[in-house]
Structures are given as C-alpha cells and as structure tokens.
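Good morning, colleagues. Please bring up the sequence and the structure, and I shall take you through a selection of features.

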Amino acid sequence: MQDASALLLELVDITRRFPGVVALDGVSLALAAGEVHALVGENGAGKSTLINIVSGLLAPDAGHILLAGRRVTWANPVEARRAGIVAVHQEAELFATLSVAENMALEQGLPAGPAGWVHWNQIFDGARQAVSLLGEPIDVRQAAAGLSVAQRHMTQIAAAVMQCARVLVLDEPTSALTASETGWLFAQIKRLKSAGVGILYISHRQEEIFQLADRVTVLRDGKLAWSGASEAIDRAGLIRHMVGRHRAAELGASFSHARIAPGTPRLDVRGFTASDGRFADIWLTVAAGEILGIYGLVGSGRSEFARAVFGLDKTSNGTLAVDGRITTISSPAHAVAAGLAYLPEDRLRQGIFRGLSIRANTVLSTLANLSGRGLTSTRRERSATGQQIAALGIKCRDPEQPIGQLSGGNQQKVVLGRWLLPNPAVLILDEPTRGVDVGAKAEIHRILRQLAADGTAIVLISSDLPEVMENSHRVAVFRAGRIAGQFDPAGSTPDTIAAAALPEESTSQREVPPRAAHGERRRAVPNEIALATAIAVLFAVLAFSTDSFFTADNLRGLLSHASVGTILALGAAAIILAGGIDISLGSLLALAAGVGGLVLKLPYSPAVTLPAGILAALAVGTAGGLTNAGLTLLGRVHPIVVTLGTMTIYRGLLISLTGGDTITDLPSAYVRWSSTQVLGINGSVVLSAVTAVAVYVLLNHLRCGRHLLALGSSPRAARLVGISQSRIWLLAFGIGGILAGLAGLLELSQTGAMQSGMGNGYELQAIAAAVIGGVSISGGRGSVLGVCLGALLLSLIYNAVVLWEISRYHASLITGGLLLVAVLVDLAWRRFEEAR
C-alpha cells in the first residue's frame, strides 16, 4: 500500500455513463510522483473514458479526483493543463492547416501578451527546441498536413515533454513509432520520472509495460479487474485479468510457418516504381493461402508501395497481376473490382467516416452487392454488419451507433470488417493492429490465418517485428524504397531481419526523401497572384474596350461597390474560416442600414443623430450575428438552416420598420463622409482598407483569431486543446454581423437613401468573394488579401456587365460559376494534399 502523502493523483470511485453503456463503474486509481503507472485493458474496457476524465475532456457522473491531496474538478482540458495534467492521445489529431509550431503551442496555450497579441517568435523557438530533441528534419513552419502518422505522434509527445507537467498521460505513444523513436521516448520517460513527474502509461504492448511500469491497473468491461506492482504479475496473469480466464488460452495459438506450395500467385508485382521515387523496382509475389509480411522503417517505402498497389498513388513503371491476369490499377475502384482490398495505416484520416454509423462504415465497399435494383436494403446491411460485429468482437451498442463513439481498437475492427465483406482475393493490411488490445490483436491474427487457409493472399505490413515474424510465411524487408531481402521467419532471427531494414552506414543521404521534406508547399501559382493577374487582365480589357471605364463617375461607382463588397466579404470569411456559414448577411446589412437611417432622421442635432445612428446600425448587425450563432448552438443545427430562416426574418423586420417606404433626406454630413478624401484617397476605400487591416491583425496576431482558424481546421482537435466552439462561433458570427452593419452604413452613405430591397443577393456575392479569394469552404484556411482581391474581381465583373450592357442575370451566372469553380479548385487541392 502506498503512502497517501506521496500520491500525486487519485481517482476515487469514478463512474461515467453513456446512453445504454456504463463506460466506467466505480473505478479507483492512484498515481504517485516519480512513478510510471500502466493502465491496460481490452478495447472498450474504459481506458479512453478514464483518460478523458483525467485530462478534462469529460466529467465523471460519480466519484471524485484528488490532485496532491486536494479535490479538483476541471471544466475543460485547459484547466487540467493549467493544473499540470498533460495528455497525449492515441490518435494524433492536429490542425492540418496550421503550422507544426502552432499545433505544438496550442497544446499548452498560445503565448500572448495582455491584449492577446500572439508571441510568434516564442512559438517558433519553442517548437524548434522541442523538435531538436527528436532528431527528425521537421520544418516547424510547415503545415501539419504534411506530417506522417509517426511524425504527428512525435511532435505531440515532444510538445508534452517540453511542458512542465506534474502528470503526463501517454495513450499508446509507441503505436506508430520506430524502434529508435521508441528508444528516445523511453529515455524521456525515465528523465521525467526521475524529476518527480507521475506518468500514466496506456499500452497494449506488454513488453513495454513490464519494461517501464512500476504499477499496473487492469480494466475489464468498465470495472477494475486488478491493480498492483508490476513485479507481482506476469504476462499470462495480465492477459487473464484483461480478457477473462475462459479466453486467455485462446491467445496462445501458434502459427505454422510451413512454406506454401508454389502455383499461380494471386498477387504478382513486377518492377513497380513510384512516380515520386519513394520506391523503385519492386518485385513481389504472394501465393494463395500465403501471408507475406513486409517490414521496414517509417519512410522506407512500404506504405507507399501498398497505396500504389491499391491505386491511391501513381507509378511510373511496372505491372501488376491478380490471379494471373495483368491489371491496370488506376484508382481504388479498379483495385476493388480486381479483387484487392486495403486497410490503410492512418485509421483516423483514411479509414473511418466519423460522422456515419457502424453499419454505414462497414458496408461501404459492398453496397452494390447488398442492394437490389439500385435500391439499398437496410435489412441486408444490418445483417452483414451484425455478422462482422460478431466475428470480430466489436463492442458497441448497436449497428447504428456513430463510429466516432467507439474506441480506437473497435474502429479498426470495423474497417477490417468492411474489407472482409467482399471476400477479396488479395488483402493488404498496413499496421492492422496499431492501437489494438492483446485480445483483439489475437482475434485479428486468427482471422488472417483463417482467411489464408481459405485461399486469400495476404500482405501484412507492420512496424512490430515480432508480429510480422510470428504471423507470416515469408518476410520482405523494405529499405530506402527497395527490397533489401526476403526471409523465412522460421529460420531467421529478429536481429537479422532488423539489420536488413537499417540504412547502410555508407549512405550519407536517404534514397527516399523523408516526409518531413514534404510539408505543405505553396501552390505553384498562389491564389493571390492568380487573382491579381485576372484583375489586371480584366482591367486592361475594360480600359481598351470602352471609353467610359476611366470616367470619374464610373471609377467612383466601382470603388464604392468594391468597398462595400470587401467589408461584407471579410465578415463572411470570418464565419467560414471558423467552420460556419451565414446566408443572412445581405438581409442583416439592409436591416442595420434601415435602423441606422431611421435614427439619423430623428429630429435632433446631427451631433446626436450621427453617432447614435452609426452605433444603432452596428448594434443591430452585431445582435443579428450573435442571434444566428446562438440559435445554431442551442438548436445544434447547421448554420445554413438557421440563417436561411433569419434571412427572411431580418428582411421582414426591415419592411415592418419602414413600411416598405424609402428612407431619404439623410443628414448631409452623413452622406458626404463616404466620398470625403483622406490623404487623397476616397473615404470608402479608406474604410474598407482599415477594416481589412483590423481583420488581418485579428486572424494573424491575436489569440482569439488563431483559435478561430484552429476551430475551422479541426473541431475535434480544438476540443482536445480546450477551444470552445460556442465562444469562437459567437465571436465569428458577431464579427460577420458587425461588418454587415458597417457595410450597410457605408452603402447608405454612398446612395443617400435606403430602400427595402437593399442588400438582395449580397450574401452570395460576399461568400463568392471569400471563396474565390482562397478561403476554404470547409474552414481553417484563407487570407485577408485574397478576400479583398476576390471582392475587387467581382466588382470589376459587375462593372463590365454594366459597361458592356449585358443583362444583370448574366452577372449572377458569372458569380455563381466563379464560386463553383473556386469550390472545386479548393476540393481538388485538399485531395491533392491528402494524397501527397
């Protein structure tokens, strides 16, 4: 029994329930300072829930937490981190559109001054210091989308190590690491342990548990199954407590390494060479009933080879044959039709559809077979899903449960079940047991052996050398993009195979460039340059095709339209960047202008009505934006549904206030200010420029702006670092609303009158300008300069429509077409980045 005074963290009788499931039932755990405490159990045993409670993501329904003897509660992960609790979760969820350095800083909170001004130098210096510990050539300024799975894990672990943690929670930290990276991690754990840090270590790898842990706690079905000193239990006992006595014996089944009789190979790859040079001249065959293990270091070309076989990556040379028939695989659809199946390495980004149910995820690859006359059959889908749930032991409430609610191991089983349904001739599995518990791992190995016995050719790729050797008839080793050798696992030692995977000492450079060198590259033609070029061309065409383009009235009208469009587009962009959308901005602009106009016409001195009218319009715009956000958050519905309704409501309120009449006879001082020259520049242009600078500062230099971009990049990752979606959406929609009010005031000044039809269609123009300007429609990426150029381009197009006497309906057609093209370009770019 440990001395209570030495305990750093205590969980006492923790209970947590979800609909239909008791995830944790009265679990207690104690962690001492300077101790490594291993938490083990099957997938679905409650480990992830316990971690989420410790790190502040979830609150217990019953029980309490003691930190250094004091009872504590955390409302979110930020409060837990401030108390010294740092967690590295199993699935490395990063903000793909933000830099590696910013991702690392967000884990502990962006360093900023009293006004929220972000200290970028401190962020990049800290990230470089952390990355220097890894020995990996990672550019901390590159976007996190360019990192491999292993690099994502390593950067998160490095960031956690750099923090002054009292308690460090590591969830499956080595699941994607190489042996050398694992050695680095173990050295850091020992250093932190000697410094008095308490480490809660979750792993399915038993050799790690017995190497590192001082004490072990076993969970089974949400309850405490066993807890004690690591020397008080052996491997067999640990398995027995994890899976139950009746199943423990099943996990020791041996594998026959007997060679498969030669015959026509089911998979025959000859001279495969990647277009990007990541692997070259690969010759491999896999016979019916054979399991070919592929081993190699991360970056050796093994995963890239698997992706190319399945049609995900391009090859420049080589042929592929399935069951003796040479087949051209140019896409995954062709691969599936040829009898290939592929379980990807990155389960989170490439394996599961998080928003869909277990049933939908399971049957995706066999929908055609389960449908009748083009119509899907829910009954057949549920039956097929139920078979896979039973065969793979997937722990879930029912087939309709969202897959995102499952543990990582159970998600992996669902992905495997998806590819077992079509009964493939060749099954390629890349890290199939990463993050899977010992029981599930044994079940997956048993299934692979049974599939092989039934004649399936299997390619098993793994960083776990014992797994490869124990479950393969033959092992091929990749090194620097080529096959370094093939081995009989029954007659080879682990040292021999591992040595073949290591780079040759004489090699000064890797033949295959590391992924770190492939961060997010700038587009060959940056969006801003393309827009500026288009504007210049259209400007020249208009100048030469019409005499009236350079007239004072035309240029004044062009600048006035562009200024209003820019301000409204910046408001739309702020909302889109946060992951939302607002199609009520045009109506809100009109309502704000109407209220402002009514106040301006009150029978008081202009010294009173001018500031009152401006403040009233801005207040109405802000209130409208906040209302949109509030209704969206409270109703938990998509903002497009809410703003579709408020668009009509705001327009109706305007008509009710004005009676449908035009507001005229505004104070002359108000009408004049939009055209007043400031340092020789039109006042409308100055206002839009000042607004653009303010939004730029917000998004690039203030903490709240960076949180806005982070939420749009990844809502799940934002939740893990304690960024509140409610606060950020209130901020983003509030910005959109106040800028709609400002744009309304500007147009009211420019026209000198307010009509009930003001702002009709402006929301489409604003959204189009933002997206054409490079703002990703899915959020998280975009630039203020691009939005401004997009708004100017649209204004030039509308000006051209007027000068060339084209129907205004054609202008809407052009705007819609440009918006569609911009969305498709953005989608194509994101797919290119993901594939790369």
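Predicted model: local features only at pLDDT ≥ 70, side-chain atom pairs only at ≥ 80, totals over all residues.

Phe 279 and Phe 305 are both buried. Where in the chain do Phe 279 and Phe 305 lie? Phe 279 sits in the loop between strand 11 (267-274) and strand 12 (282-286), whereas Phe 305 belongs to helix 10 (residues 302-309). The pair thus links distant parts of the chain, 26 residues apart.

These two rings also belong to a cluster, in which ring pairs link Phe 272, Phe 279, Phe 305 and Phe 478. The count of aromatic pairs in the model comes to 10.

A further pair is made by Phe 310 and Tyr 342. A pair of aromatic rings is described by the distance of the centres and the angle of the planes. For Phe 310 and Tyr 342 the centres are 5.4 Å apart and the planes stand at 35°, so this pair is tilted. Stacked pairs need planes under 30 degrees apart and edge-to-face pairs over 60. Phe 310 lies in the loop between helix 10 and strand 14 (315-322), and Tyr 342 in strand 16 (residues 340-343), so the pair ties together parts that are 32 residues apart in sequence. Are these two residues buried or exposed? Phe 310 is buried, with a relative accessible area of 4%, and Tyr 342 is buried, with a relative accessible area of 4%.

Strands of a sheet pair through backbone hydrogen bonds, either parallel or antiparallel. Here we have an open sheet of 6 strands, in the order 6-7-8-3-9-10, with mixed pairing. Which strands stand at the edges? They are strand 6 (85-88) and strand 10 (223-229); each has a single partner strand, so one side of each is left without a neighbour in the sheet. From one strand to the next, the twist averages 15°.

Let us consider strand 8 and its neighbours. Strand 7 (residues 167-171) and strand 8 (residues 198-202) run parallel and are joined by 5 bridges. Within this pairing, Val 167 has Gly 198 as its bridge partner, and Leu 170 stands opposite Tyr 201. Strand 3 also pairs with strand 8 in the parallel sense, over 4 bridges, and there Leu 39 stands opposite Ile 202.

How many residues of strand 8 are buried? The number is 5 of the 5, so strand 8 is largely enclosed by the rest of the structure. In a regular strand the side chains alternate between the two faces of the sheet. In strand 8, Gly 198, Leu 200 and Ile 202 point one way, while Ile 199 and Tyr 201 point the other way.

At the other end of the strand order, strand 9 (residues 215-220) and strand 10 run antiparallel, joined by 6 bridges. Val 218 has Trp 226 in strand 10 as its bridge partner. The two strands form a hairpin with 2 residues between them, and Asp 221 in the turn has a positive phi of about 55°.

Two other aspartates also have positive phi values. Phi of Asp 281 is near 55°; this residue is found in the loop between strand 11 and strand 12, and at 44% relative accessibility Asp 281 counts as partly exposed. Asp 13 has a positive phi of about 50° although it is not a glycine. Asp 13 is found in strand 1 (residues 7-18) and, at 44% relative accessibility, counts as partly exposed.

Helix 16 (residues 408-420) has 13 residues and reaches 19 Å from its first C-alpha to its last, close to the 18 Å expected at 1.5 Å a residue. Because 13 of the 13 residues of helix 16 are buried, this helix is largely enclosed by the rest of the structure. Helix 21 (residues 552-577) has 26 residues and reaches 36 Å between its first and last C-alpha, close to the 38 Å expected at 1.5 Å a residue. Gly 579, whose phi is positive and near 95°, follows helix 21.

Methods
Residues numbered from 1 in each chain as written. Heavy atoms only, no water. Pairing = 2+ DSSP bridges. Axes fitted to C-alpha atoms, helices over the stretch in contact; angles between N-to-C directions. Expected span 1.5 Å × (residues − 1). Buried < 20%, exposed > 50% of the residue type's maximum accessible area, 1.4 Å probe, protein only. Phe/Tyr/Trp six-rings, centres within 6.5 Å; stacked < 30°, edge-to-face > 60°.
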